[in-house]
Amino acid sequence: MTQTEMIPSARRLMESLRDIGYDVAAAVADLVDNSIDADAETIRIDVGHDREGGWIRIADDGIGMSEKRLDEAMRYGSSRSYGLSDLGHFGLGLKTASLSQGRRLTVATRSAIRGPIRIRRWDLDHVARTDSWHLEHLTTRDCPTTLTDPLVATTGTVVLWERLDRVLGARRPSGDAAARRLESAVTDISEHLSMVFHRFLNGEAPGPPLSIRVADITLSAWDPFARAEPLTRTLPPQAIPVDHAGSQHQVIVAPFVLPAQHHFSSPEAHTAAAGPHRWNRQQGLYIYRRDRLIQSGGWNRLRTMDEHAKLARIAVDIPPAADAAFRINVSKMSVGLPEGIRPQLRALVAGVVSLAQDAYRRRLTVVTDTIEPARGPAGDRSISIGDQWPTIVDVLSRRLGDHPELLDGVLVDLANIRPLATDHPRVPSSRTTTA
């Protein structure tokens, strides 16, 4: 038997892998994974705009890389082995995430403060011309100070993306439209990282709290479960067994029911809890791998999205040795649930959603009593809608259920109707209370 080694076309493969499914925020998050694996405590993301189409830089203060490790990191399909605590997974993220957004990727690293700065580059335009797998080796003299400045007095790694054709999407990369797209990218990156790495930012993950700065703003953790709100319901966590590779593992599931809008401590807190994708799209499962959020919302075919279920959010932690059972994709943005856990998880979801729907539909409860109502400056009195209130609420909920803010406003107005006349006899008072 004879064999022929079939080396793929560099030009075709590298261009094809640009469409693996990253957006700019997810691509940056994949590089933050590498920084965390390198024991970084501070990660900085900076953005610049220039005549060639702008740049994005991800710099950390981690342990850096040796020359051999740097070359291996730049290989497509790195042969590096990953430990159970590593966030890296496929050996593709650095290359595919970076080049999904721009046409040139340059990496500089330093593993000792007095040691050399090692630099490697993939340039898609060069690859297109040569159709070769030749990785460029550069010196500090060949590169802008944008790349090397963060390593002047520390160990760490700097990743520089240039010629951001996928980020800018503009015919004039140096124009105003391109600058606005970069500003929008900064917002998307900030919101995404605050969500994906919230356990690292608030100290829930092992090790010291992580600091991430985006365009000179230090990020705060975004908690999907609004646990700082007094009326958030934290339900008992459950362990669901999953069999994988001949071993049984435990999937830890922690359900939460968030408060309805008028039960939040402030309008600002309610707006913040909506999340990057806003209320309806943020309902569902929050799936974590090694404390890093992989999926933020969605029901994975356990049920459909529902306005009345938007207060239900459930944390699901993948067991460290069961990655393959959950079919995480290369961009770390979607997860497939193992068939063995679906029936038990579906039953749990149904119970949590029922509680969430109840919290949503009972936003306002009117309480009546026979105490003389307080008089306002003009001597007006509050009146009760009386026995018709349940019917009114039911009719309005059916008619305005798809417009919750309008529904709430109408109910509040009805619950606080005041008569024009001021000489009524004593009547039951009516007031809105939080249930």
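In the predicted model, pLDDT stays under 50 over residues 418-435, a stretch for which the model has 52 contacts beyond four places in sequence. A further stretch, residues 364-387, likewise has pLDDT under 50, with 61 contacts beyond four places in sequence. Where pLDDT is low, the predicted coordinates should not be read in detail. For the protein chain, the mean pLDDT is 83, and 80% of the residues reach 70 or more.

The model contains an open sheet of 8 strands with mixed pairing, arranged in the order β5-β4-β3-β6-β2-β1-β7-β8. Strands β5 (136-138) and β8 (217-218) stand at the edges and have a single partner strand each, so one side of each is left without a neighbour in the sheet.

Within this sheet, strand β3 (residues 104-110) pairs in the antiparallel sense with β4 (residues 118-123) over 6 bridges, and W122 in β4 is the bridge partner of L105. With β6, strand β3 forms an antiparallel pair over 7 bridges, in which A108 stands opposite V158. Of the 7 residues of β3, 7 are buried. Both faces of the strand are covered, with R104, T106, A108 and R110 on one side and L105, V107 and T109 on the other.

Helix α2 (residues 24-37) lies across β1 (42-48), β2 (55-60), β6 (156-162) and β7, and runs at about 160 degrees to β6.

Methods. Residues numbered from 1 in each chain as written. Predicted model: local features only at pLDDT ≥ 70, side-chain atom pairs only at ≥ 80, totals over all residues. Heavy atoms only, no water. Pairing = 2+ DSSP bridges. Helix = DSSP H or I, 4+ residues; strand = E, 2+ residues; numbered from the N terminus. Contact = heavy atoms within 4.5 Å. Axes fitted to C-alpha atoms, helices over the stretch in contact; angles between N-to-C directions. pLDDT = per-residue confidence, 0-100. Buried < 20%, exposed > 50% of the residue type's maximum accessible area, 1.4 Å probe, protein only.
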